[in-house]
Amino acid sequence: MEKRAAILDAAQDLFTDQGFEHTSMDAVASRAGVSKLTVYSHFGDKATLFREAVRARCQAMVPEQLYGMQDGDTLREALLRIARHHAKLMSSPETIGVWRAITSDCASGGPRLGQMLWEEGPMRSRQLMTTLLQERVDHGELVIDDVDRAAGQFLTLLKGDLHFRRLLGCVDDRCPQFREEMDANAEAAVDMFLRAYEPR
C-alpha cells in the first residue's frame, strides 16, 4: 500500500506538471522510488494510472463530507461552505495545472482523458451536490423541479468568469483583490441560488 500511495503521489505531480503524453511510466517509477515493473503491476497501463491519480486527487481535494449538513448548519451556511471551498479550489495552481494539462492533451482530438477528468472531478461534485439538494427538497427547504440541473447551475455560478481568467493566466490567485473577488462571488452565488429555489 505504501508503494501504491507513492506511485499515485508521483503520478499526480507529474501529470499535473507535464500532462499525460509527456509523463512516462519510467518517470513515475523514478519519482516514486520503485521499479517500472512495480508501477505496471499496480496499475496495468498509463491510462489506468491517470484515472486513479485523478480520482485520488479529486477525493482528497473535494471530500464527500463537504456536501453534508453539519450540526447547527443552516442551508445557507452549508452552501457557503461548499461555495468557498470550490471557489478556492477552482483557482488554485494545482487545479489550473491539471486543467491546462488536460486541455493540451485534448487538443490532439482524443476525448478519453478529458472524459476521465470530467467523471472523477466535476461530475462527481455534481452528483454529491444533487444528493444534498434532494435532501433539502425532501425537508421542504427548497422547491426544485430538476434537482440535477440545479446542482449544475450552482456549481457553474461559483465559477463565474474567475476560473476562466485564472486558466488563461489573466490573474494571480495570490493577489488579495482576486481572493476578495472569489469570496464575494461565492456569497453572491449562494444568495442568487437561494432566491431562485427557496419556497415563496
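Start by selecting residues 24-43: the span is 80% helix and 0% strand, and its end C-alpha atoms sit 14 Å apart. Helices here are DSSP runs of H or I with at least four residues, strands are E runs of at least two, and both are numbered from the N terminus. UniProt, in an unreviewed entry, lists residues 24-43 as "DNA-binding region"; such annotations may be inferred rather than shown by experiment, and the positions follow the numbering used here.

A word on what you're looking at: this is a predicted model, where local features need pLDDT of at least 70 and side-chain atom pairs count only at pLDDT 80 or more, while totals for chains, interfaces and linings use all residues. Residues are numbered from 1 along each chain as its sequence is written, and side-chain values use heavy atoms, with hydrogens and water left out.

Now zoom out and show the whole protein as a cartoon. You'll find eleven helices and zero strands, and the C-alpha atoms fill a box of roughly 60 × 35 × 35 Å along the principal axes.

Next, colour 1-57 as domain 1 and 63-197 as domain 2; these bounds come from an automatic or database domain assignment. The C-alpha centres of the two domains lie 27 Å apart. Eleven residues from domain 1 and twelve residues from domain 2 make the contact, meaning heavy atoms within 4.5 Å.

How much area is buried between domain 1 and domain 2? About 1100 Å², with carbon and sulfur atoms giving 62%. That is the accessible area (1.4 Å probe) that the two parts lose on being put together, summed over both. Select Thr16, Phe50 and Arg51 next: in domain 1 they lose the most area to domain 2, together 43% of what that side buries.

Between domain 1 and domain 2 the count is three salt bridges, each a side-chain nitrogen of Lys or Arg within 4 Å of a carboxyl oxygen of Asp or Glu.

Last stop: highlight α1 (2-18) and α4 (46-61), the elements that give two or more residues to the side of domain 1 that touches domain 2. The largest share of that side, six residues, comes from α4.
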